[in-house]
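Thanks for making time this morning.

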Amino acid sequence: MTDGVEQSLSAAVEALNRARRVAVLSGAGVSAESGIPTFRAADGLWEGHRIEDVATPIGFQRDPRLVWKFYNARRANARSVKPNPGHLALVAMERHWVGRFAIATQNVDGLHQTAGSRTVYEVHGSLRRTRCTRCGEIRDRGLDPLPDLPQCEGCGAMLRPDIVWFHESLPEDVWWNAQQAAAECDVLLVVGTSAVVYPAASLIPIAQQTRDPGATVIECNLTRTDASQMVDIGLYGPSGIILPTLCQRLGIEVP
Ligand code: BV8
Ligand code: ZN
């Protein structure tokens, strides 16, 4: 390990050792080592699909069959993968900071919960849930295959994925909880996100600026990102290695 990396790691461990409350902002990178493609990498999910066509309300209005094909493919992928050591390290951290640890995730794959994380705010929705376009009923359907154009059992109208698309607001209660967790934490771990999507990425300045002194922000990513110049400590490498290493240095056992 180079001196720089060792220095950053020790600084991160020191900040975490002092922290009473810890929050996490996670993105697609934390699921990458489980085999779920990220969004903006060359082979990312958006490949072959324009964002406007599959992740906006207009796209759904224009071609619901294409959107369901995109999300059914992601449900199938999510069904076939399991949590990786990065997810498990976050479970161990939550058990260490009992009641004072929360994850705000942009991911919709449910892997944090499958791994055992309890306080998870899904700010962009979930692949598991559908929402009726007429009566608004929200139902958790797990990840089992759905028809090409699923319909509401109650009112017969077409269902949509319970996912936050671009130009849609985040679910109020979930977003409020995520902001609270960021505002109250002493350390914010920003894991596996390019930090280009708002308002999710605004959890970083919220953590840094709500209280004085603000939280220490630690970025864990394969590469530098839009957030890198905002964070206090950068740990660059796979989250499946870095997060368990942080646990080990902190004396926290990973299940
Ligand atoms: C809204 C759907 C308005 C779910 C997604 C300022 C304020 C508010 C809005 C905006 C704003 N500026 C611009 C906007 C508009 C827009 C936006 O942010 N656009 C961006 C692109 C410029 N925001 C919105 O539209 C939001 N809505 O604001 O509504 C409004 C207001 C009032 C009233 C009405 C309306 C809604 C945003 C949510 C959009 N939905 N997805 C789904 O299908 O999954 S966003 C999509 O991007 C995913 O959810 C994804 O999670 C998210 C972020 O991507 P990442 O998770 O970061 O993934 P990415 O591939 O980009 O990066 C992966 C990272 O991991 C990389 O850095 C890589 O290096 C790293 N990595 C890879 N492997 C590893 C790793 N790291 C560690 N270890 C590894 N092994
Ligand atoms: Zn209905």
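Predicted model: local features only at pLDDT ≥ 70, side-chain atom pairs only at ≥ 80, totals over all residues.

What volume does the second largest pocket have? The second largest pocket has a volume of about 180 Å³, where volume is the space filled by probe spheres set on grid points that are joined across faces, edges and corners. Residues are numbered from 1 along each chain as its sequence is written, chains are lettered from A and ligands numbered from 1 in the order in which they are written, and side-chain values use heavy atoms, with hydrogens and water left out.

On a 1 Å grid over the protein atoms alone, a pocket is an open set of points with protein on both sides within 12 Å along at least five of seven lines, a cavity is a set where a 1.4 Å probe fits but cannot get out, and lining residues have an atom within 4 Å of a point. The second largest pocket is lined by 13 residues, and G125, R131, D162, V164 and P171 lie nearest its centre.

The largest pocket holds about 980 Å³ of space. Its lining has 50 residues, of which G27, A28, T38, F39 and R40 are the closest to the centre. Among the elements, which are DSSP runs numbered from the N terminus (helices H or I, at least four residues; strands E, at least two), α5 gives the largest share of that lining, five residues.

There is also one cavity of 30 Å³ or more, and the residues lining the largest cavity include A23, V24, Y121 and L203. That lining divides into 11 nonpolar, no polar and no charged residues, counting Ala, Val, Leu, Ile, Met, Phe, Trp, Tyr, Cys and Pro as nonpolar, Asp, Glu, Lys and Arg as charged, and the others, Gly among them, as polar.

Turning to packing, a nonpolar core is a set of buried Ala, Val, Leu, Ile, Met, Phe, Trp, Tyr and Cys residues joined through side-chain atoms within 4.5 Å, buried being under 20% relative accessible area with a 1.4 Å probe and protein chains only. In the largest core, of 29 residues, L90, M93, W97, L189 and L246 touch the most other members. Another core, of 28 residues, lies apart from it, with V164 and L170 among its members.

Terms used. Buried < 20%, exposed > 50% of the residue type's maximum accessible area, 1.4 Å probe, protein only.
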